[in-house]
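Here is my note on the model you sent.

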Amino acid sequence: MKLNYRDRIILLIVIAVVILAGGFFGLVKPRYNDIKENKAQRDTIQAEWDGLDAKIQQIPTLRDSIKKTKASADELTKKFYTASDYTDKDGKSLLNDSKIIGFMKPYQLDMYMRTMIDEANLKVVSMEAGEISDTTLDYYYYTPVVPTTAILDLADLNGNYTAEINKKLEESNAISERVPESLFVQQYGISVKATKDDLWAFMKTISEKNKAIRIDSISIADTNFGYDPETGKLATGAETMKNKNGENAGKDSGISQATIVLNLYSVYELDEPVLE
């Protein structure tokens, strides 16, 4: 069958369309799909990179924040006892080589306390230094006393009294919900003989130390320190004590026996963070 010119043109067009369609579905479309998948992967990787880049940009800020936090922790740690708190004239620790806690053994605690005891001119009768142990310290807070009577409920028409009460209790409620912190403690108990002035001076020294040391209790056998409250003079046969220079302590030389219990607290020192 012979085709006329018009039919041949149409046939060529159809063949061209078939070839183009075949090329599209056979070659172009798979490549197009690959391009779409690659673009999707590129977008995913770009998003990951953007996230990593954002974190990289934060590194200097995080480094500074870590350094500030470490410095703040170090300042707080200075208030607790560490091995460096009792040193010789060359600055070498007389307690131990560990940076973990202050007093590993009871005798080391006694070594530290004896310095203050001798400076205060207290004469030790007996001493007991405890082993180190862990303890929990509760937060100290004051809870205001507020009325919660039925009359208050009747009078509080607009909720003003309730709002005032909640404001007063806001601080104590917030602190009471905090989790108590754990740390190390060693207890040191001594029975001493001392004049009133020396004993008061010793307690003042403890209270003024910028360290986590607390007088847990003190019991004084003779609160008059040998003096007769009626005459204001030393009672006959009252025991006296000389001062640190070996001289008579004068009018305040009357003594009493006292039992003092102290708690000394320690914490871990933070390691230096690796920032590189």
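1. Among contacts in the protein chain between residues at least 6 apart in sequence, what percentage join residues at least 24 apart? The figure is 77%. Contact here means heavy atoms within 4.5 Å.

2. Ground rules. This is a predicted model, where local features need pLDDT of at least 70, side-chain atom pairs count only at pLDDT 80 or more, and totals for chains, interfaces and linings use all residues. Residues are numbered from 1 along each chain as its sequence is written, and side-chain values use heavy atoms, with hydrogens and water left out.

3. Overall make-up. The protein chain has five helices and five strands. These are DSSP runs numbered from the N terminus: helices are H or I with at least four residues, strands are E with at least two. The order from the N terminus is α-α-β-β-α-α-β-α-β-β. Of the 276 residues, 24% count as buried. Buried means under 20% relative accessible area, exposed over 50%, and partly exposed in between (1.4 Å probe, protein chains only).

4. Helix H2, geometry. H2 covers residues 106-119. Its 14 residues should span 20 Å at 1.5 Å a residue, and the end C-alpha atoms are 20 Å apart, so the two agree. The expected span is 1.5 Å times one less than the number of residues.

5. The buried residues of H2 include Pro106, Leu109, Tyr112, Met116 and Ile117.

6. Asp110. This residue lies in H2. Its relative accessibility is 13%, so Asp110 counts as buried. Beyond its neighbours within four places in sequence, Asp110 is in contact with Met127 and Tyr188.

7. Positive phi. Asn121 is not a glycine, yet its phi is positive, about 65 degrees. Asn121 sits in the loop between H2 and E1. It is buried, with a relative accessible area of 5%. Phe225 is another residue other than glycine with positive phi, near 50 degrees. Phe225 belongs to the loop between E4 and E5. Its relative accessible area is 3%, so Phe225 is buried.

8. Helix H4. This helix has 17 residues, 160-176. It reaches 24 Å from first C-alpha to last, close to the 24 Å expected. A kink of about 45 degrees is centred on Leu169. Leu169 is buried, as are Ile165, Ser172 and Ile175. Asn173 is also found in H4, but at 38% relative accessibility it counts as partly exposed. Asn173 and Tyr142 are 31 residues apart in sequence and 9.7 Å apart in space, C-alpha to C-alpha.

9. Largest pocket. About 180 Å³ of space lies in it. A pocket is an open set of points on a 1 Å grid over the protein atoms alone, where a 1.4 Å probe fits, with protein on both sides within 12 Å along at least five of seven lines; lining residues have an atom within 4 Å of a point. The lining includes Leu76, Lys79, Phe80, Val267 and Tyr268. By class, the lining has seven nonpolar, one polar and one charged residues.

Methods
Grid points are joined across faces, edges and corners, and a volume is the space filled by probe spheres set on the points. Ala, Val, Leu, Ile, Met, Phe, Trp, Tyr, Cys and Pro count as nonpolar, Asp, Glu, Lys and Arg as charged, and the others, Gly among them, as polar. The bend at a residue is the angle between axes fitted to the seven residues ending there and the seven starting there.
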